[in-house]
Amino acid sequence: MGKKRSIKNVNYEENNLSVPPGFASLTALTLKRMVAVREFKPGLIGAPLSDSDIHKFKTSFVRKPWICHDQFDNVPPKCDSEQSNVDMKDPVISSLPKGVIRGCANCHDCVKVTARWHPEESHLPVLDDAPVFRPTEEEFKDALKYIANIRPRAENYGICRIVPPSSWEPPCRFLEDKSTWEASKFSTCVQEIDGLQSLYMKRKQSRLHEKRETKIQIVAACEIESAVERVADSEEAKSIGLTSEFEYGPQFTLKSFKKYADDFKMQYFREDSELNDADQDQGEPLIARIEGEYWRIIENPSEEIEVLYGTNLGCGTLKSGFPVTAKNIAIYDKYVDSGWNLNNIPKVFGSLLPFGCYNTSDISVPQLFVGMCFASQCWRDEDHHLYSLSYLHLGNPKVWYGIPGRYYFKFVEVVKKLFPQLLKNPKLLPELVRQLSPSMLKSEGIPVYRCVQNPLEFVVIFPGAYHSEFSCGFNCSESVRFAPFDWLPHGQNIVELYSGYCLKTSISYDKLLLGAATEAMSAQWKFLATKKDSSNYQLWRSVIGKNGILTRVFKSRVENEGIKRKHLCSVPSSNNTSMDVFDFDSKRECSICLYDLHLSAVGCSCSPNRYTCLCHAKQLCSCAWFAKSFFFRHELTELNLLVGALEGSLEAIHSWAKRKKLQPDFIISSRISSDSPFELNVTPSNKSPIPVQDVVILLSDDEEVQS
C-alpha cells in the first residue's frame, strides 16, 4: 500500500498528479488571478464575481486534486449552511457608529447616549387615526358587551382606543406594593432600533413556549427567546439565512429601569447640551416628534441605537398590575371583579377561551411589557386571530399602528414580495417579522391607522389585524387575549391555515366549539324544564337557533368532519381498546400537520403514540389501509343530533338531554370495509357507557321537556 499524502503538502507537478479515468486534459491550462478591476453594471455578461462567488470558486478546487490550485491562498472549507446564509441574507451595509453605550466599570444600569435626534430629517408617516370611544358609566359595566357594540364601527380599522370614564382609577399593584417597585427584578432584552427592518424570528410565546416553568425563577421573556433561538437554528431558518438576533440585557427593578429609560430619553433629545423645555411641555407635539425620529432611525439610521425592554413577563415575578385579591377595601372589590380587569376578561361569561384551553396553555394569562423610548413590538398578528385587549398602567404613551383584518393576506403578499426567499419556505412566514414602514405599506395599497394610547386607556385589537407599537418613554402595559362569539368564524379559518403551515395550535378549536355547543344546550334544556329566564340564557339564546352564529359555525364544522370521514375512512365495526391517550385534558396533534385531534384521529399499531388527522392517514405509515385504526370522540349521528338541538328542534333537544349523562367517549375501529375503503359505515355503539367530563348535567333523567 502506498503512503497516503496530504493534499496541502503535495508539490504539485503535472507528471505526479493522478487523473481520474476519462478526465485527462487535452489542452494545457493555467489559472491566473484576476488583477485588473473594471466597473461593470449589474447583470452584464463578463462582470467580476462578488466576494462570495470568488470564495465558492476557490473552495471548489480544493476538492479537485488534479487541478493546480496552489497559487491561490489557502481557503478553509465552508459548510453549505454558511454559503446559503451568504446568498439569502440582506445586502451587507456599512457598520454605523454606536450611539448608545450601556453600563460602565462601576454599574450596568447606567447609559451614555452620544447620538442626537435629527428633527430636520423626520420621517413622520401621514396616517389617519383609529377611532376613539368614550363609554358612559353604564356602558362601561360590561366589557364584552361594549366591545361587541363598537365592533361594527371599529373592526374596519383593525384597532381602536377606549377611554374609560373618569371614575376608572384602578390601583396599580406596581405602585401600591413598594417591594414590587423597588425589589422585584425582571430580565430585559436588547433591541437594535436601526436594524428593525431586518427579517428575524417572531417572539411568539404560545407557539414556542406553551408550558410555564413555575419552578424556575426566571422571567418568561428569556425562556421564550431561547425557544425562538432553537427555531431560528432549524434547517428551514438556515435555508433563508435567518437567525434569531437578540441579546440578553441586564436585570432591572421597575425603579432602576425607569431611571435608565428617563436618562436615555433626556440625553437623546437634548439640544446643545440642554433640554428643550418648550418641547418637553408640549405633550402631543412631542409624541409626533418622537414618532418622526423613530422612523428616521429605522429607515435612514446614522448611528446604532440600542434600547432595552421586558416582554411577556406574565409568568415572572411582576405578574399582573391589576389587583387580583380583595383587601377588605371597597375600591379593591370593584376592580378585582371588573370585566376590564385583564385577569378576568378571558374567562368571563361570554368568552369562549376557557372551553378550548388545556392545563398547560397560558394563552389566557395576561402578559406585561415594560418599555422605554423607541422600544418596539414589530408587526404581528395575535395567535389564532384572537381578540386582544391592552391596558397602559403607567408611564409615557404608546403609539400603535393597525391594519384591518381583511388585509391580512395582502400584508403577507407584500412580505413575500420584499423577501422572495420565503417562497421556498412559506411555513416560516407566520413566524417572521420586520418593522415595515407604514408609508411603504400604504404605497402597496394597505391602509394603516395610528392610535396613541395614554395611561389608564385600553386598546382593542380585532381578529386578524396586523399591528405594531413603540413606546415614547418609560411605561408599563399589560395585554391579554379573549374569544367572544363573533370570533368563531375566524377561529375555524386560522386552524386550517396553521395546518397548512404545520404550526402548533395554542388552543383546541374543536374542544372549544363542542364545549360551547354543549353548554348552550344545557342552558336551553334548563330553561325548557324550569321556565326560569336568566342573563346567561339570554346570551346563549342570542347565538343559537338556525341563524345563530354558534349554530352556523358548529354545523359547518360537523359537515366538514362528515365529508372527511366519508371519503377518508370506513368503519364497519369497532374494537374495544383503552383510550387513555385521548384523555379529555390531554392535547394530541397530528404528527404531520400538527392539527388538533380532539374530534378524530388515525393511529396504527406499528407506531404507538403517533397519530395523524384524517387527511394525513396515508402518511402515518406504510402499513396496509385495513391495519390502521380510526378514533372518533363522537359519532356523526350524535354530532348531527346536537346540530338539530342548536337549531331549536324540541325532539333533538330532548334526545340530546337523555343521552348526555352517559355516553361513549371514543369509538375505535381497526377493521375496514373490503368493498370500498372510502365508504363510511357507522354502527351504534353497544359498549359500556363511559362518563364524559365535558358534559354539564343540569337535570335528572326523570325531568321532562315542557312544551
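This is a predicted model: local features need pLDDT of at least 70, side-chain atom pairs count only at pLDDT 80 or more; totals for chains, interfaces and linings use all residues.
Is Cys606 buried, partly exposed or exposed? I looked this one up before anything else. Cys606 comes out at 41% relative accessibility, so I noted it as partly exposed.

While on Cys606, I checked for a bonded partner. Cys606 is in no disulfide, and the nearest cysteine sulfur, that of Cys623, sits 3.4 Å away. My count of disulfides ended at 0. I also looked at Cys378, which has 7% relative accessibility and therefore goes down as buried.

**The sheet**

Next I traced an open sheet. It has 9 strands, ordered E4-E5-E18-E14-E20-E12-E11-E6-E8, with mixed pairing. Which strands stand at the edges? I found E4 (132-133) and E8 (247-253) there; each has a single partner strand, so one side of each has no neighbour in the sheet.

Helix H3 (residues 143-154) packs on this sheet and touches E4, E5, E14, E18 and E20. I wrote down about 135 degrees between the directions of H3 and E5.

I then followed E14 (residues 387-395) and E20 (residues 475-482), which pair in the antiparallel sense over 8 bridges. In that pairing, Leu394 faces Cys476 in E20.

**Around E6**

E6 (185-192) got an entry of its own. Of its 8 residues, 6 are buried, so I call E6 largely enclosed by the rest of the structure. E6 pairs with E8 in the antiparallel sense over 5 bridges, and Lys185 is opposite Thr253 in E8. E6 also pairs with E11, again antiparallel, over 4 bridges; there Gln191 stands opposite Val307 in E11.

Helix H9 (residues 254-268) lies across E6, E8, E11 (306-311) and E12 (367-371). H9 runs at about 115 degrees to E8.

**Nonpolar cores**

Last, I went for the cores. Which residues touch the most other members of the largest nonpolar core? I got Phe264, Tyr268, Trp340, Phe374, Leu488 and Phe554, out of 146 residues in that core. Helix H17 (residues 509-530) gives the most to this core, with 12 residues. Apart from it there is another core of 10 residues, including Cys569, Cys621, Phe630 and Phe632.

Leaving out residues up to four places away in sequence, Phe264 touches Val100, Val111, Val113, Ile305, Glu306, Val307, Met372, Cys373 and Phe374. Val307 was already in my notes as the residue opposite Gln191.

Terms used
Residues are numbered from 1 along each chain as its sequence is written. Side-chain values use heavy atoms; hydrogens and water are left out. A nonpolar core is a set of buried Ala, Val, Leu, Ile, Met, Phe, Trp, Tyr and Cys residues joined through side-chain atoms within 4.5 Å. Buried means under 20% relative accessible area, exposed over 50%, partly exposed in between (1.4 Å probe, protein chains only). Helices (H or I, at least four residues) and strands (E, at least two) are DSSP runs, numbered from the N terminus. Contact means heavy atoms within 4.5 Å. A disulfide is a pair of cysteine sulfur atoms within 2.5 Å. Two strands pair if DSSP finds at least two bridges between them. Axes are lines fitted to C-alpha atoms, for helices over the stretch in contact, and angles run from 0 to 180 degrees between N-to-C directions.
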